[in-house]
Amino acid sequence: MIQNWHQKETDHASVGWLLRHIAKLHRQVSKAKMPYRPGEDPGQPVILMVMQDSEDMGNTISQNDLARSLHVSNPTVTASLKSLERQGYIERKPDPGDMRRKLPALTEQGKQAASECRRCIESVSEEMLGGFSEAERQQLISFLRRMKDNLEQSER
């Protein structure tokens, strides 16, 4: 019976399992449909999209800020950025505020890949929410945000 603990819909422990399983399925379906293949690092499309969001607002984002916003370690971001740079998706440009350091920036190829990744992930998300009314979608988002906030408060 231990192997089926996650299948009890009334069991609160199943919420965590369902969230992990949904996230895993979302990643798998997105990866299968992704027109851009950045290698095997599943975080690279997200890095490109975060960089694109920052650049679209007229900002640059440092490696440290990327790590913080993605809730991953600096070495993880370093490895991903090196791979993305080798593949031609990003380049390093001097930081105008501190010429000793270089900031990652999207190349044209990186901008195109980020846009393709975003369209793919949005499409998979839309597929995942098929049959949900707008009110149900908003309620789900509200519940998920509350859950996130609860856990963030627990971290402190």
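Predicted model: local features only at pLDDT ≥ 70, side-chain atom pairs only at ≥ 80, totals over all residues.
Cys117 takes part in no disulfide, and the nearest cysteine sulfur, that of Cys120, is 7.3 Å away. A disulfide is a covalent bond between the sulfur atoms of two cysteines. The rule used here asks for two cysteine sulfur atoms within 2.5 Å. The sulfur of Cys120 has its closest cysteine sulfur in Cys117, at 7.3 Å, and this is too far for a bond.

Are Cys117 and Cys120 buried or exposed? Cys117 has a relative accessible area of 0%, so it is buried. Cys120 is also buried, with a relative accessible area of 8%.

## Overall layout

The protein contains six helices and two strands. Along the sequence these follow the pattern α-α-α-α-β-β-α-α.

The protein has 156 residues, and 26% of them count as buried. Among contacts with a separation of 6 or more, 49% are between residues 24 or more positions apart.

## Helix H2 against helix H3

Two packed helices are described by the angle between their axes and the distance between the axes. Helix H2 covers residues 44–56 and helix H3 covers residues 63–70; they pack at an angle of about 115 degrees, with axes 11 Å apart. H2 and H3 are therefore roughly perpendicular to each other. The crossing of H2 past H3 is right-handed.

Which residues in H2 and H3 meet? On the H2 side they are Val46, Ile47, Val50 and Met51, and on the H3 side Leu66, Ser69 and Leu70. Sorted by class, this contact has six nonpolar residues, one polar residue and no charged residues.

## Helix H2 against helix H5

H2 also packs with helix H5, which spans residues 108–128; the angle is about 110 degrees and the axes are 9 Å apart. H2 and H5 are therefore roughly perpendicular to each other. This crossing of H2 and H5 is left-handed.

From H2, the residues in the contact are Pro45, Leu48, Met49, Gln52, Asp53 and Glu55. They meet Lys111, Ala113, Ala114, Ser115, Cys117, Arg118 and Ile121 in H5. By class, the contact of H2 with H5 has seven nonpolar, two polar and four charged residues. Cys117, one of the H5 residues in this contact, is the buried cysteine with a relative accessible area of 0%.

Gln52 belongs to helix H2. Its relative accessibility is 10%, so Gln52 counts as buried. Leaving out residues up to four places away in sequence, Gln52 touches Leu106, Lys111, Ala114, Ser115 and Arg118.

## Two loop residues

Ser62 sits in the loop between H2 and H3. At 7% relative accessibility, Ser62 counts as buried, because buried means under 20%. When neighbours within four places in sequence are set aside, Ser62 is in contact with Arg101 and Leu103. Ser62 and Ala105 are 43 residues apart in sequence, and their C-alpha atoms are 9.3 Å apart in space.

His71 lies in the loop between H3 and helix H4 (74–86). Most residues other than glycine have a negative phi. What is the phi of His71? His71 has a positive phi of about 60 degrees, although it is not a glycine. With 69% relative accessibility, His71 counts as exposed, because exposed means over 50%.

## Glu91 in strand E1

Glu91 is part of strand E1, which covers residues 90–95. Is Glu91 buried, exposed or partly exposed? At 32% relative accessibility, Glu91 counts as partly exposed, because this value falls between the 20% and 50% limits.

Not counting residues up to four places away in sequence, Glu91 touches Glu85, Leu103, Pro104, Ala105, Leu106 and Thr107. One of these residues is Ala105. Glu91 and Ala105 are 14 residues apart in sequence and 5.4 Å apart in space, C-alpha to C-alpha.

Note on methods: Residues numbered from 1 in each chain as written. Heavy atoms only, no water. Buried < 20%, exposed > 50% of the residue type's maximum accessible area, 1.4 Å probe, protein only. Axes fitted to C-alpha atoms, helices over the stretch in contact; angles between N-to-C directions. Helix = DSSP H or I, 4+ residues; strand = E, 2+ residues; numbered from the N terminus. Parallel < 35°, antiparallel > 145°, perpendicular 65-115°, else oblique. Left-handed = near helix turned anticlockwise from the far one by under 90°. Contact = heavy atoms within 4.5 Å. Nonpolar A, V, L, I, M, F, W, Y, C, P; charged D, E, K, R; others polar.
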